[in-house]
Each structure stands twice: as C-alpha cells, then as structure tokens.
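Take a look at the model below. This report walks through some of its side-chain contacts, its strands and its surface.

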Amino acid sequence: HDRALLYHRLLTSPNLPPQTAELIINGSSVVVSGEHKAFTEEEHTEENAALMKEFNTLSIIYGKVGNQFIDEAYQVPFVRMEATMVAESPMEQVATAVQPLSDALAATTLAGAVPPPAPVVEETDLLGFFDEPTTTAPTPSPPSTTLTLVPYTLSGDDYQTIWGQQTQPTLSTSLSFTSLPPSTVEVETALTKTKICTMASGELPTEFKFFLYGKDGEGNVFLVQAVIVKAALPTPMTIEIKVKGDGMGLDAKVKADQFLELMRSALVAYM
C-alpha cells in the first residue's frame, strides 16, 4: 500500500516532471539485500512482531514498543490470559456479576405494598393488522308509501293542457262505495282535508263526476277524473289518474298508487 501510494504521488504531482519520477523509481541506488528489505512491511523481525501488538498507538510512529519511551508509572502491562482462566461461557461471568432481577425488586419494594394494576388501554389498530369485526349492514328502510300534498292552485286551461299531453292515464282503477254521498259537496270537502283540490264537479241523473288535482312536495302534479255511478250498492267510483313530473319513469305508477291511497283514506266513510 505504501509503495503504491508513493508511485501514485510521483506520477500525479503537478510540480514533478515525469523524468524526475522515472529517475526516482529506476534510480541507480544500491539495493539493500540480505536480512534487511527495502520496505518495512516486508521485514518479519521480532521487533516488528512486538510493534504489531501495539498497533494504532504511538509505538508505530516511534518505531519502539511502549516501555521504551513511556515512564514506568504510566505503562499499562499487557497480560495474556491463560486458557485455563477463560470461563466456559461468557454468560456465566455476567450471571455471577449481575444481581438477579427478582432480588433487586424485593429489595426496593415496601413491605406489604401491592403495586396498583396497570390501567387498561384500549388498543387502536393504526396499521390495519387486527381482524375487523364482522358487521351486518343496516337494512335499508323501505320507500315511503304515503304521499303528502302541498297547497296548489291550477287554472282550467293548464288543467286541460296537462291532461291532453298524456294520451294514456298513469293509473285506471276504481273504489267500491257501500253508501252514496248526498252530493258532490261532501266528497269535495273530504278530499280538501288531504289537499286534493276540485277543478270542477257535477251531478247527473246517473252519476257524480269530479275533476281533481294536487301537487306533492317534489313538484309532481296529479290530475284525476272520477265518476261515482248512482246504482245499486255497492257501486264503483271509477278513477283515472295522470301524473306529470320530470324524469318520472316507473316512479309515476308508484306515485299514482300513493295518490289513490290518499283518496281512499279521505273517502273511507263511504266504503
């Protein structure tokens, strides 16, 4: 290593021309032979062996063992342990030197004193290592079967326009009456309590006729034409319901059924 470093510095020195480096390396100096070598690391003498025992100390720099340049008062003797003095196991030496834990605790514990139990700390699974408890998904609540109408006013022209926009009724059905109302007024009064409004009504010799409407909180408009036949009891009340709403689709039939139930609850006295 030392020789390689010397050659490296000779060849890379900016102030040393290559000719000088060549002269130093290939110089005509007398080669020392015999017991002495050109480089110290190649010498295997008793003195070098003693120095290697004190490697990484000042002995390497001075080229002398420590007792040759350190006062006797400051010298640290080097003693090699005999094989018979080595313990069979390093842990045996530690075991004999360290006081047992149980003895140490007994010496520091007050007589009769019982340490309080450690508080129970709820574990928090921050990394998701624990098994998650099995949970049952809540059962979705069924859609509401009741319909709530809001106050609403509709002109006759608008009624006819909306009715004419749908060629087929959303729902055609009937309710069975076991008694006849005295007039259209009683029917209109009962329906008004549920916010079902009357556009027009009339009494003919064979029937009562009603043009009804209403509107729910979602903005859906309901138009109804109903006829109560004056015949032997029980007698039917035929009903046609049309529902107008944005993007209703199949929900229109559901809304119409809910409106029918609202009429039934209002007229239950005649059923």
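In this predicted model, the count of aromatic pairs comes to five. One of them joins Y62 and F69. Their ring centres lie 4.7 Å apart and their planes meet at 70 degrees, so the pair is edge-to-face. The cut-off explains the name: planes over 60 degrees apart count as edge-to-face. Y62 is partly exposed, at 48% relative accessibility. F69 is also partly exposed, with a relative accessible area of 28%.

Another aromatic pair is made by F222 and F259. This pair is stacked, with 4.9 Å from centre to centre and 20 degrees between the planes. F222 lies in strand β5 and F259 in helix α9, so the pair ties together parts that are 37 residues apart in sequence. Are these two residues buried or exposed? Both F222 and F259 are buried.

Two values describe each pair. In general, a pair of aromatic rings is described by the distance of the centres and the angle of the planes.

A ring can also meet a charge. The charged end of K230 sits over the ring of F208, and the distance to the ring centre is 4.6 Å.

**Salt bridges**

How many salt bridges does a search of the whole structure find? The search finds five. Three of them are set out here.

| Salt bridge | N to O distance |
|---|---|
| E218 and K255 | 3.3 Å |
| D257 and K253 | 2.9 Å |
| E261 and R264 | 3.4 Å |

Start with E218 and K255, whose side chains meet in a salt bridge. This pair links distant parts of the chain, 37 residues apart. E218 is in the loop between β4 and β5, while K255 is in helix α9. E218 is exposed, with a relative accessible area of 59%. K255 is buried, with a relative accessible area of 13%. The cut-offs give these labels: under 20% is buried, and over 50% is exposed. E218 and K255 also belong to a network of salt bridges, in which they are linked with D216.

Now look within helix α9. D257 and K253 form a salt bridge. Why are D257 and K253 separated by about one helical turn? The reason is that they are four residues apart in helix α9. D257 is partly exposed, with a relative accessible area of 29%. K253 is partly exposed as well, at 38%.

E261 counts as partly exposed at 40% relative accessibility. R264 is partly exposed, with a relative accessible area of 32%.

**A hairpin of strands**

Next come the strands. β3 covers residues 197–203 and β4 covers residues 207–216. The two run antiparallel, and six bridges join them. They form a hairpin, with three residues between the strands.

**A nonpolar patch on the surface**

Which residues form a nonpolar patch on the surface? They are L6, Y7, L11, I24 and I25. Together they have about 470 Å² of accessible area. Two helices supply the patch with at least two residues each: α1 (2–12) and α2 (18–25). α1 gives the most, with three residues. L11 is found in helix α1. L11 is exposed, with a relative accessible area of 64%.

**A buried proline in a loop**

Finish with P181. Where is P181 found? P181 is in the loop between β2 (171–177) and α8 (184–192). At 3% relative accessibility, P181 counts as buried. P181 and I228 are 47 residues apart in sequence. In space, their C-alpha atoms are 9.3 Å apart.

How values were computed. Residues are numbered from 1 along each chain as its sequence is written. This is a predicted model: local features need pLDDT of at least 70, side-chain atom pairs count only at pLDDT 80 or more; totals for chains, interfaces and linings use all residues. Side-chain values use heavy atoms; hydrogens and water are left out. Patches are made of residues with over 30% relative accessible area and no salt bridge: like charges are joined within 9 Å, nonpolar side chains (Val, Leu, Ile, Met, Phe, Trp, Tyr) within 5 Å. Accessible areas come from the Shrake-Rupley method with a 1.4 Å probe; for residues, only the protein chains shown count as cover. A salt bridge is a side-chain nitrogen of Lys or Arg within 4 Å of a carboxyl oxygen of Asp or Glu. Buried means under 20% relative accessible area, exposed over 50%, partly exposed in between (1.4 Å probe, protein chains only). Two strands pair if DSSP finds at least two bridges between them. Rings of Phe, Tyr and Trp (its six-membered ring) pair if their centres lie within 6.5 Å; planes under 30 degrees apart count as stacked, over 60 as edge-to-face and the rest as tilted. A charge sits over a ring if NZ of Lys or CZ of Arg is within 6 Å of the ring centre and within 35 degrees of the ring normal.
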